[in-house]
Structure formats: structure tokens, C-alpha cells
Number of protein chains: 2
Amino acid sequence: MHEPRLTAARVARLATTDPDGRPHLVPIVFALDGDTLYSAVNLKPKRSRTLRRIENARARPDVTVLVDHYDEDWERLWWIRLRGRARVLDDGKERERALALLAAKYPQYREVPPDGPVLAVDVTQVRTWSAT
Amino acid sequence: MHEPRLTAARVARLATTDPDGRPHLVPIVFALDGDTLYSAVNLKPKRSRTLRRIENARARPDVTVLVDHYDEDWERLWWIRLRGRARVLDDGKERERALALLAAKYPQYREVPPDGPVLAVDVTQVRTWSAT
């Protein structure tokens, strides 16, 4: 995945599936490594030690990620949709490497490194669309 | 739903469910009328007269919509997540009214009115989050 728009994007939206079958949506920050997308989670400020997106991904790993650009000139709209299989990294070397990639992309993470699991999405399908 | 951030937002992301159970994601422009969100579809430029989000919503009306704000100052992040039941308006007065609301919000629609069905989402749950 050497799509410059994807690599440069600061935010994406992650869709997982709730236990009742309804899609669940959250904005995520992310980093890419080859065909894998990584997103981290902070648990400290939360009341519980679980997070819906993570529990959803454990139960149903087929997830979808969307990166898009909005512009009032609708000729400049575009989006990139990724389908993939999610893995939850609770610890280990791959999690550490993902956190390093995230910290390299987002200075915000250098001050307060995420303390929760990392979601890895092995991308199996990429669809791109642009208005022109 | 008198949430100013929601009303003012220019773009949202709609999650439906694909026939294989995987979440499907597209960016949408939308207008609100009370507790109903409307989004229109253009079919003319498409090869087929169907669109995945519409067929998904017909088959599984439980959908989720996310409006979020990204900022490099992560203290300013926020999102609003809507869960609701989708209805597909192929024609009729409600579709006409929705198109008028969309044209009032988006000048782009005044030049080229959407020719496809309108997706109505009757919102049953609103969750708001902000970093501060």
C-alpha cells in the first residue's frame, strides 16, 4: 500500500461489528507498515479495562477502515477503503514496533505513549475512489 | 438532536453491513430533520442502478453514523455517534422534502439534484465524546 494519500492521512474511521450485529464506528489515528495498519488504544482514562472496538475485533476480525477527504469543491472528493483482518496485540515485539511507528507519525504519542492493546489490521483489499 | 456540532458538520461516515457480515463504510453528506438524518445518492454516473450502501440498508436497517473532528491538538478531538434504523426512500413526499433540506445545506446539490434514492436514518441513540 504505497498510496501517498493514505500514508499522509492523519485520521481514519474504523468499523467493527457489535455483538448484536450492528456496525460500530470510531475515528482512529493510525500508522502503516507494509500491508498492516496499526492503531493504539489508551485505557487509563477509561472506567473499564476493555474497549468496545477491541472486544469487537477479537470476536469478529473482519473490519473496515475508511480514509476520506472532504472538500466543498466536490470534484476534489476522494476516499480509500480498506478491508482487512484484525489482530489484537496485547503485548510483544510487534506491539512495541507499532507504538514506535505511531510515535514517529504522531508527536502527541511521544508525550503520552498509549497503554492499551494495539489493533493490527492486515489489509486484504483496497478500494480507492475519487470524484475526478 | 439539537447538537450544534452535528448540525454544522459537512460530512459524516455511514456504516452499513455487507451481505457477508462485514461492515461497509462510505463518507456521506447529510441533512437533519428532527431525529431523522437524510443522505442522497447519485446513480447516473454509476454503471449499475444499485449502490451497496442502499442495498445493505434495505437488507439490514441497523446502521451507524459518525461525525467527528480531528485536530492536531488532541484536547480538541470530539465525535458524535448515531445509531438508527434506515429506510430507503425511492420516491414520494418525504424524499422530496429531504432533497430540499439537502439542497438548502449544500449549494452543490442545487446545480445537480441527486437522482437516486434517499436514505433516511431514524436515530434511536446518540453518543457524544470529547477529549475535554
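Pro113(A) is exposed, with a relative accessible area of 54%; exposed here means over 50%, buried means under 20%, and partly exposed is in between (1.4 Å probe, protein chains only). Pro113(A) sits in the loop between helix H4 (108–111) and strand S7 of chain A. Helices (H or I, at least four residues) and strands (E, at least two) are DSSP runs, numbered from the N terminus. Leu99(A) is 14 residues away along the chain, yet 7.6 Å separates its C-alpha atom from that of Pro113(A).

## What kind of model this is

This is a predicted model, where local features need pLDDT of at least 70, side-chain atom pairs count only at pLDDT 80 or more, and totals for chains, interfaces and linings use all residues. Residues are numbered from 1 along each chain as its sequence is written, chains are lettered from A and ligands numbered from 1 in the order in which they are written, and side-chain values use heavy atoms, with hydrogens and water left out.

As for confidence, chain A has a mean pLDDT of 94, and 96% of its residues reach 70 or more; pLDDT is the predictor's confidence in each residue, from 0 to 100. The model comes with an ipTM of 0.94 and a pTM of 0.95.

## Helix H2 of chain A

Helix H2 (residues 52–59) of chain A has Arg53(A), Ile54(A), Asn56(A) and Ala57(A) as its buried residues. They span an arc of only 165° around the axis, so they are on the same side of H2(A); the arc is that of the directions from the helix axis to the C-beta atoms. Their cover includes four strands of chain A: S1 (12–17), S2 (23–28), S6 (78–89) and S7 (118–130).

## Strand pairing

In chain A, S7(A) pairs antiparallel with S6(A) over twelve bridges, and Leu82(A) has Val126(A) as its bridge partner in S7(A). Strands count as paired if DSSP finds at least two bridges between them. S7(A) also pairs antiparallel with strand S4 (residues 36–40) over five bridges, with Thr36(A) opposite Asp122(A).

Over in chain B, five of the five residues of strand S4 (residues 36–40) are buried, so this strand is largely enclosed by the rest of the structure. Thr36(B), Tyr38(B) and Ala40(B) point one way from S4(B), while Leu37(B) and Ser39(B) point the other way. S4(B) runs antiparallel to strand S3 (residues 31–33) of chain B, joined by three bridges, and Ala31(B) has Tyr38(B) as its bridge partner. The S3(B)–S4(B) hairpin has two residues between the strands, and Gly34(B) takes a positive phi near 60° there. S4(B) also pairs antiparallel with strand S7 (residues 118–130) of chain B over five bridges, where Ser39(B) stands opposite Leu119(B).

## How the two chains meet

In all, 31 residues of chain A are in contact with 31 residues of chain B, contact being heavy atoms within 4.5 Å. The area buried between the chains is about 2900 Å², 59% of it from carbon and sulfur atoms.

Definitions and conventions:
Buried area = accessible area lost by both parts, 1.4 Å probe.
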